[in-house]
Amino acid sequence: MDYIAHIREHDGKIQTVHEHLKEVKEACEQLGGKIGAGHLAGLAGWLHDLGKNTTAFKNYIQLAVAAAQHEDAKAPKRGSVDHSTAGGRLVYRKYHQKSTKNTEKMAAEWIANCIISHHQGLRDFIDPGKTSPFLKRVDDEKEADIEQGYEQANAVFFEQNSEAELDAYFAKAAAELEQLIAVMQKYKLPRITCSLLIKYIFSCLIDADRTNSRQFEEEEAAEPAADYGPFFKRSYEALMRKLDEMDEAEDADHKINRLRRDMSLQCDAFALRPSGIYTLSIPTGGGKTLSSLRYALKHALETGKQRIIYIVPYTTILEQNAQEVRDILQEHDMILEHHSNVIEEHDPPEDPAEAEAYDVRRKQIKLARDTWDRPIIFTTMVQFLNTFYAKGTRNVRRLHQLSNAVIIFDEVQSVPIKCISLFNAALNFLHAFGRSSLLLCTATQPALDGVKHRLQLKEDAEMIKNLDEVGLSFKRVEVVDRTTPSGWKAEELADFVLDRLDEIDSALIILNTKTAVRKLFAELEERQRSGDCDARLFHLSTNMCAAHRKDVLEKLKNALASEEKERVICVSTQLIEAGVNISFGCVVRSLAGLDSIAQAAGRCNRHGKDAIRHVYVMKSADEVLTHLKEISIGADQTQRILDDMKEDPKLYGGELLSKAAMQAYFSYYYALIKDKMQYHVEKLDDNIFELLEINKNFAAGYKGRHGQLPDLVSFSALATAEQHFEVISNSSRTVLAPYGEEGERLILDLNGELKAGELSKLLRQLQPYVVNIYEHEFRKLEKNGDIQYLLHGEVLALRENAYSKQFGVETDGEGEMAPAIFG
């Protein structure tokens, strides 16, 4: 008898379980083979749907298809017949219970967990409740239906395959695991790496299973892995043509452009180095986007890498960089953007043939976002970290695509503090096992190789030689310490800024809180009304939605570029520090982390067209940093560096923004927050790194309850860690802003009658109109009746009177959201 894996919807054709398992096994072997885990992944693929080899499942799927075709037919309850347990039980009972070797037990545990979890997400080996969800699934005989199904599925499998064949295959998988452990030992990697290896095998299974099912349904043949070598060659040639054009421009001999050219050449030469974890510390405005692309394309060609992935913290930078690369390479379908703001804006063509092609392309793009199956990908830090650590199956499906890749992390200092150890573990894994090259790009390199769970940088990891000399050659600003113990009130700060406008035409003031920004802006408006200020004023903060900020920035850039040379003052929170290509005559920065001050300095005299300009560091008396601990700690450590330099002006080469000063700052800073880097979960009084590492607290709880530890080698709480992981803390409320005619129209559409399929598109179009507010701000707005509840309370929107064209959300706040690391 043939048992059924799938029934094709349009013609009723059957894919047998035997066919599906064989094809998924082969796909898993290919994906797992990239890290030396072909048989570990292959065995997961071979046995994942073993439970479909039963009469119960055959009846279930036939009834489900009949119900879909006939309205009067009763559909079985979805998932009512378990089919994912049998394969896990077979592996566990045959190769774990009967083995005395730890590597064989581990191999059985890893494979079995992937199999039983392939529809929901990986299971805990030991959970907070002092039980083992994994063992309950693979070894609990109390559920008669599951045990009966297992016996039948097992018998059917061995009618089609010999036990000797399976034994030999498992032996190869166990041998692979021994080699993987040897690699761990060679690189001295922590036990969390075992959890990441399980996730990688799981990724192979999820992608192979989903892809094979889709290919059967859509009558597509399995395709070999794409060879993107020819594309990388064309792209490198296109980039070189662009760089040649820049070398022939009128300002090509400007000092800054000569430096950019030299650093680009160094990146080209560095591409011949072997795979590793490297740093690219090009100063702000030094052309790191094109230099890193030059390295990545050449390195991919030299080493046979399959893709180039840009990981960027902010969508503003991502969209800007992706467009720049598209404009140069001119092969748009080869470049994929994946983040929360991606919107498919175009309506389908009216011509049926064109509409069909449009639908096919949209489907391909959606699939590419799920699988990252493109040669160049731009995505966010949120998506990257979610691929390793978020719950479910959709994110982890992409994980295997991170192997054999060139991965470029832009503004890497923006990794959330709580995620640093998890970030380092992921990068070490990708280097040691994934054979990927990882490039950390920023002008302010954090000391990630100096923390407890350190990043394993290569020796001589920096691409640019003589960084301090480059920094001095690139010097466009002088940082001036104006800090005082008590700080400046808005009135004193306004006086200082207006005095500076006697010397320059534009000034940027960056403060740490929205309240301080608004106080200074109000003070400057008062000076305008009294005739003491003739400058044009601009305000920016995260109280404004992205569409609002974009419009203000466009007006600001136009004002700065105006031939009329109008005087301009911009007062902003830290959101302007990264991803905004803009230049002012001077910058005033409220005391913060030294990396933030360096980023702020990058907005002053950005292109070196003027003589040395000034960046002033001061303390704001209007800021309350009680709830902004990381900013407060960073400010204190910067003050420590400033005080050291007052005592010894030659310290750190006499330059506050030198490499030595930055290393000292991060050393001080990380020493004070070292306990926060492992992602502490208050509810569990534990951290995610430990849950994925040894999980000693849950293991001790299990032993206390049962009198002994479980007969397992793996203890990690995979599901619990995933359940509590989120890159951006969800302690704020998300509301829609009625900004402009478009924002108002979209909110009205959301409140109207929606046709099937319209909601998803509408919510994506509303992404630029989202604002995150603190809970206390939300309660105040709600009390005032300024919150609208849409879609049965699932979506919240502000009323028009609660959102101003100047300040955005109209409520008092005492904190500034982190500068929106969007997903």
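A: Happy to! The crossing of α2 and α8 is left-handed. Please keep in mind that this is a predicted model. Here α2 covers residues 38–47 and α8 covers residues 163–187, and their axes lie 7 Å apart at an angle of about 140°. Angles over 145 degrees would count as roughly antiparallel, so α2 and α8 are oblique to each other.

Now for the residues that make this contact. From α2 come G38, H39, L40, G42, L43, W46 and L47, and they meet E165, L166, Y169, F170, K172, A173, E176, L177 and L180 in α8. Sorted by class, the contact of α2 with α8 holds 10 nonpolar, three polar and three charged residues.

Helix α8 has another partner to look at. The axes of α5 (residues 102–116) and α8 come within 9 Å, crossing at roughly 105°. Since 65 to 115 degrees is the range for roughly perpendicular, α5 and α8 are therefore roughly perpendicular to each other. On the α5 side the contact has T103, E104, M106, A107, A108, W110 and I111, while α8 brings F170, A173, A174, L177, E178 and I181. This contact of α5 with α8 divides into 10 nonpolar residues, one polar and two charged.

Helix α13 spans residues 315–329, and its axis comes within 11 Å of that of α12, with a crossing of roughly 60°. That makes α12 oblique to α13. The crossing of these two helices is right-handed. T289, L290 and L293 of α12 meet N321, E324, V325 and I328 of α13, and by class this contact has four nonpolar, two polar and one charged residue.

Helix α12 (288–303) and strand β7 (405–410) each give at least two residues to the lining, and α12 has the largest share, with three residues. Three nonpolar, three polar and two charged residues make up this lining.

The largest cavity contains about 60 Å³ of space. Its lining brings together R191, C194, S195, I198, L692, E693, S714, F715 and S716. Helix α9 (residues 192–217) contributes the most here, with three residues. By class, the lining of the largest cavity has four nonpolar, three polar and two charged residues.

Methods. Residues are numbered from 1 along each chain as its sequence is written. This is a predicted model: local features need pLDDT of at least 70, side-chain atom pairs count only at pLDDT 80 or more; totals for chains, interfaces and linings use all residues. Side-chain values use heavy atoms; hydrogens and water are left out. Axes are lines fitted to C-alpha atoms, for helices over the stretch in contact, and angles run from 0 to 180 degrees between N-to-C directions. Helices (H or I, at least four residues) and strands (E, at least two) are DSSP runs, numbered from the N terminus. Angles under 35 degrees count as roughly parallel, over 145 as roughly antiparallel, 65 to 115 as roughly perpendicular and the rest as oblique. A crossing is left-handed if the near helix is turned anticlockwise from the far one by less than a right angle, and right-handed if clockwise. Contact means heavy atoms within 4.5 Å. Ala, Val, Leu, Ile, Met, Phe, Trp, Tyr, Cys and Pro count as nonpolar, Asp, Glu, Lys and Arg as charged, and the others, Gly among them, as polar. On a 1 Å grid over the protein atoms alone, a cavity is a set of points where a 1.4 Å probe fits but cannot get out, and a pocket is an open set with protein on both sides within 12 Å along at least five of seven lines; lining residues have an atom within 4 Å of a point. Grid points are joined across faces, edges and corners, and a volume is the space filled by probe spheres set on the points.
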